[in-house]
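Here are my notes on the model you sent.

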Amino acid sequence: MTEPRGPVDSSRVPRFAGPATFARLPRLDEVARADVAVVGVPFDAGVSYRPGARFGPAAVREASRLLRPYHPGLDVSPFATQQVADAGDIAVNPFDIGEAIETIQHAAGSLQADGTRLVTIGGDHTVALPLLRAAARRHGPVAVLHFDAHLDTWDTYFGAEHTHGTPFRRAVEEGILDTSALSHVGTRGPLYGKQDLTEDQKLGFGIVTSADVYRRGADEVADQLRQRIGDRPLYISIDIDCLDPAHAPGTGTPEAGGLTSRELLEILRGLAGCRLVGADVVEVAPAYDHAEITSVAASHIAYDLISLLALQENGERAGERLPAADGGPRP
């Protein structure tokens, strides 16, 4: 195996200098191939309230300059054991949602053609649908772990079927999700009516609210999620508004009473050993941010997702599986 090319050495080039690739990693065109590609989707034509998530990928990349190559919480060097590269942005039509969805699906499929796994930075949550289509085309119906203040399983907005509030209903209808292993985490806030919960349950989703995380703790929640996911191929979709506005003010539809960044990161770390096939971090809208609070949180979330993929890669190369659905010890 060729030694992976890692980030720029910050002892030689200051962190505030040089191109703002994610974590100062090489571009995809600078390496022979990548085990993991970080790709941006600067698209926000599907939002229902505040626009601005089209600038999310650039803001998250800028905030990621401070990331370092060793993850002590998971005891892994995610850039040393796998080749991670920045694939740039998928350029999509900002005026035609249908065309944008098709473009994202095609681009994601092409990036994954040689086995590369994607960590995508949005963009609004509309982008999850084409990313799920691409993942399911490669792996079959996938389990979904959806971190969000909102359900995102509504039917339409103003008659539109494709918005940032509808991707998971469309995905269930298209048969690309494993409906025995679907979970929302971090939901809270007012709904249009109790029927929202009833319809969501019919689609197959289980719900762990932000209050559940507060009362039960990150470790217990992570164990429950691992049991539900089992050994299924898993896609993780993270709307940054699952975090409380104190931890993520820069987003389009903030709701009080959310997760802390610490709770979210600990839940993710508790999923080590799950069969992660792709992930996204979406809805960072830097125009509403302060001191990069939101983009820093998003960059660390993406780093943890890449670290989970590194642990998985290490286990696969060793011909063994990390403990996943048995409630066993974390690495």
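**Notes on the predicted model**

1. Thr21 counts as buried, because its relative accessibility is 12% and the cut-off for buried is under 20%. Keep in mind that this is a predicted model.

2. Where is Thr21 placed? It is in the segment before strand 1, which covers 36-41. A polar atom of the Thr21 side chain lies 2.6 Å from the backbone oxygen of Leu25. Beyond its neighbours within four places in sequence, Thr21 is in contact with Arg27, Arg61, Ser64 and Asp86.

3. Now Phe22. With neighbours within four places in sequence left aside, Phe22 is in contact with Val38, Val60, Arg61, Ser64, Leu67, Asp86, Ile121, Ser299, Ala302, Tyr303 and Ile306. Arg61, Ser64 and Asp86 are on the contact list of Thr21 and on that of Phe22.

4. Phe22 also belongs to the largest nonpolar core, which has 55 residues. The residues with the most contacts inside this core are Phe22, Phe147, Ile236 and Ile301. Which helix gives the most to this core? Helix 9 (residues 293-317) does, with eleven residues. A second, separate core has 32 residues, including Ala37, Val39, Ala136 and Ala171. In soluble globular proteins, nonpolar side chains tend to be buried together.

5. Asp124 deserves a look. Asp124 is in the loop between strand 3 (117-122) and helix 3 (128-139). Asp124 is buried, yet has no salt bridge. How far away is the nearest side chain of opposite charge? That side chain is Arg54, and the distance is 7.8 Å. A salt bridge would need the two charged groups within 4 Å.

6. Not counting residues up to four places away in sequence, Asp124 touches Phe43, Asp44, Ala45, Gly46, Val47, Ala53, His164, Val282 and Glu283.

7. Next, the overall fold. The protein has nine helices and eight strands. The C-alpha trace spans about 55 × 45 × 35 Å along its principal axes. The radius of gyration is 18 Å, which agrees with a compact globule, because a globule of 331 residues would have a value near 20 Å.

8. Last, burial and contacts. Buried residues make up 56% of the 331 residues. Take the contacts between residues at least 6 apart in sequence: 78% of them join residues at least 24 apart.

Key. Residues numbered from 1 in each chain as written. Predicted model: local features only at pLDDT ≥ 70, side-chain atom pairs only at ≥ 80, totals over all residues. Heavy atoms only, no water. Helix = DSSP H or I, 4+ residues; strand = E, 2+ residues; numbered from the N terminus. Buried < 20%, exposed > 50% of the residue type's maximum accessible area, 1.4 Å probe, protein only. Polar contact = N/O pair within 3.5 Å; in protein donor to acceptor, adjacent residues only side chain to side chain. Contact = heavy atoms within 4.5 Å. Lys, Arg positive; Asp, Glu negative; His and termini not counted. Core = buried A, V, L, I, M, F, W, Y, C linked by side-chain atoms within 4.5 Å. Rg over C-alpha atoms; globule rule 2.2 N^0.38 Å.
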